[in-house]
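Colleague: I am new to this structure and would like a close look at a single part of it. Please take me through that part slowly.

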Amino acid sequence: HLLSPENYAILAYSKPAAFTWYLYHICGADTFKSAMQDYYQTWKFKHPMSEDLHDIFKKYIGDKSDWFFDQGMVSNEKLNYEIKHVKKTGDDFVVEIINNGEISAPIYLEAFNSKYEKIETWYFDPITDKGTLTIPYDGSIAWLAIDKNMSIPDIELGNNYIRIENGKKTGKPTRFNYFTSFENPYRKHIYYLPLAAGNYYDGLQVGMAVHNYGLIPKPTEWFVIPMFGCGSFRPNLFASITHTKFFEKNKPDRMFVKTTATIQSYKVAAGNPLWYFQLSPQVRFIFERRNVYSPLIHETGFKNQLLITQVDPVLNLNNRWKFLMQNLLYYKLNYKKRLWEIQNTVSFEHVYDFGINYSMTPLPDFTPALKFFNEFKVAFIYAKGKSMIQLRVFAGTFLTTPSMVTDTRFRLSGWNGPWDYAFNDYYVGRSETDNVLSQQVAHADGDFKINTFVGQTNQWMLTANLEWDIPMIYAGLYMDVGTYGGAGSFPGSEVFLYSGGLYLRTPDRALQVYFPIIYSPSIKQSVNLNTSSYWETIRITVQLQNLQIIRAIRSLFI
């Protein structure tokens with residue numbers, strides 16, 4: 001298997017240089033120079049192997065170079081030391097060191113005063129798991145660092161530094177920076193960035209993003225975006241915190257624990273915007289390929305979502321809030337190899353609607369919605385990765401017959417704003433039903449790219465959706481076919497329905513516009529009854545998750 005240019009550059013140039021530079025610091029300049037001169041004199045005009053160089057270094061520093069030859073240069077194992085704690089014991093400092101990586105290399109600890117002037121350096125043997133290092137106590141020590149000059153090829157430099165005050169560990173000073181950056185390990189970094197957004201009800205939203213997303217990912221990342229709606233004259237909020245936990249040292253299997261919160265307007269009633277609050281804790285587990293050649297990635301997760309919406313005041317009800325709880329359990333299998341991408345997602349969804357119920361107590365007459373559905377996608381990628389043919393198959397059934405205020409039926413059409421009962425997607429005009437903003441839909445359920453009331457069911461649904469990119473231009477052809485529980489059971493309806501046409505898209509598919517051309521008779525009849533012109537049948541999808549802004553920014557530097 002040939003290496004990519006990026007991998008070749010790292011393995012042939014960057015990695016050997018980084019590890020050799022650390023070996024140089026462990027040996028010291030004079031010892032390293034003597035070892036290399038000995039190597040040259042011994043093996044000039046001959047054909048040495050890597051073990052021959054290893055033998056030379058053993059003559060000068062013993063087994064302190066074993067990590068370099070046995071692990072660093074021949075494996076994908078990582079080096080990641082961390083200064084965990086420091087404690088004053090008598091006339092000494094006892095420093096706890098944890099090896100979060102798999103390489104056990106010799107370590108040297110440096111002490112600095114408050115002006116970052118070096119006080120002393122101590123060299124220690126490798127630490128395999130965790131251990132303690134003892135150094136003399138000095139009241140002028142303000143920092144302890146593992147290799148301040150960053151010669152160590154450590155994958156996480158931020159935990160190589162610890163601040164000391166009055167002989168105890170203390171927090172690092174905080175630095176505020178604009179946008180994002182590579183981070184100084186002597187600081188905690190918080191970033192700020194002015195932002196603007198908007199929706200139909202709040203109008204232009206202006207605010208400030210405060211976050212900790214550096215160019216190097218962190219175990220815990222968060223953002224808080226307070227905003228002000230210039231149209232609604234009320235505050236809005238977007239916030240998220242995500243913690244990533246890897247199950248084994250330097251293995252890709254991991255867990256994500258994430259919580260998001262949103263407050264903004266979703267509707268106008270009696271001339272006043274109504275607002276909603278959404279709180280969504282979730283956990284995801286990702287199990288990566290067992291080896292670099294495996295095309296499989298497994299993912300499973302659970303999402304709980306609480307939605308509180310303000311009730312239209314013209315209803316003259318005692319309670320002003322409506323509560324809805326969504327629970328979603330899923331398993332996703334991803335297969336990606338060369339020109340093929342396959343994804344299959346099995347989901348169980350439970351939705352309980354508390355109705356107009358201020359006390360959040362269960363309503364005895366309501367039966368919650370319990371759904372089971374499967375989404376299968378297969379894509380063939382061509383034209384140098386710029387185009388694809390994608391087939392989506394959706395199959396779902398209700399396990400209960402729900403009886404709630406909120407309508408949770410399967411729908412043949414992709415969802416518009418009013419049908420997104422748990423507020424999972426972004427809509428410019430979430431509650432609009434009769435203007436251009438109502439033409440925004442999300443890929444869900446049957447995913448027909450036509451707004452029709454045909455095909456709404458509390459029973460079952462089966463659909464297939466095909467999209468075929470036209471090479472060289474950002475356009476394509478689409479076709480949707482499907483059936484559902486109750487199809488063909490009343491006069492003028494069909495058992496199988498279809499819809500098709502053309503679409504335009506952006507390169508990342510964050511925005512797609514669908515132009516329907518053909519559809520089955522019952523859908524055509526529904527369209528004619530509910531639209532007055534062809535332009536009202538056009539549908540738009542906005543998939544902000546495709547933008548991957550943070551990942552794109554990091555890829556420019558890493």
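Which residues form one aromatic cluster together with F19 and Y22?

Modeller: This is a predicted model, in which local features need pLDDT of at least 70 and side-chain atom pairs count only at pLDDT 80 or more, while totals for chains, interfaces and linings use all residues. Residues are numbered from 1 along each chain as its sequence is written, and side-chain values use heavy atoms, with hydrogens and water left out.

The cluster is made up of F19, W21, Y22, Y24, F32, F57, W67, F68, F69, Y108 and Y123. Rings of Phe, Tyr and Trp (for Trp, its six-membered ring) pair if their centres lie within 6.5 Å; planes under 30 degrees apart count as stacked, those over 60 as edge-to-face and the rest as tilted. The count by this rule is 36 aromatic pairs.

Helices are DSSP runs of H or I with at least four residues, strands are runs of E with at least two, and both are numbered from the N terminus. Just after α1, G28 has a positive phi of about 90°.

Buried means under 20% relative accessible area, exposed means over 50%, and partly exposed is in between (1.4 Å probe, protein chains only). In α1 the buried residues are K15, P16, F19, Y22, L23, I26 and C27. Contact means heavy atoms within 4.5 Å. Among the elements that cover these buried residues are α2 (29-43), α3 (50-61), α4 (66-72) and β3 (107-112).

Y200 and Y201 make an edge-to-face pair, 5.4 Å from centre to centre with 75° between the planes. Y200 counts as partly exposed because its relative accessibility is 46%, whereas Y201, at 5%, counts as buried. Y534 and W535 have ring centres 5.9 Å apart and planes at 70°, so this pair is edge-to-face too. Here Y534 is partly exposed at 36%, and W535 is exposed at 59%.

Some rings also have a charge over the face. That label applies if NZ of Lys or CZ of Arg is within 6 Å of the ring centre and within 35 degrees of the ring normal. K46 sits over the face of W43, at 5.8 Å from the ring centre, and K88 sits over the face of Y137, at 4.7 Å.

Finally, a point on the backbone. Most residues other than glycine have a negative phi. N166 is not a glycine, yet has a positive phi of about 55°; N166 lies in the loop between β7 (161-165) and β8 (168-170). With a relative accessible area of 73%, N166 is exposed. R509, again not a glycine, has a positive phi of about 65° and belongs to the loop between β26 (497-505) and β27 (511-519). R509 is buried, at 15%.
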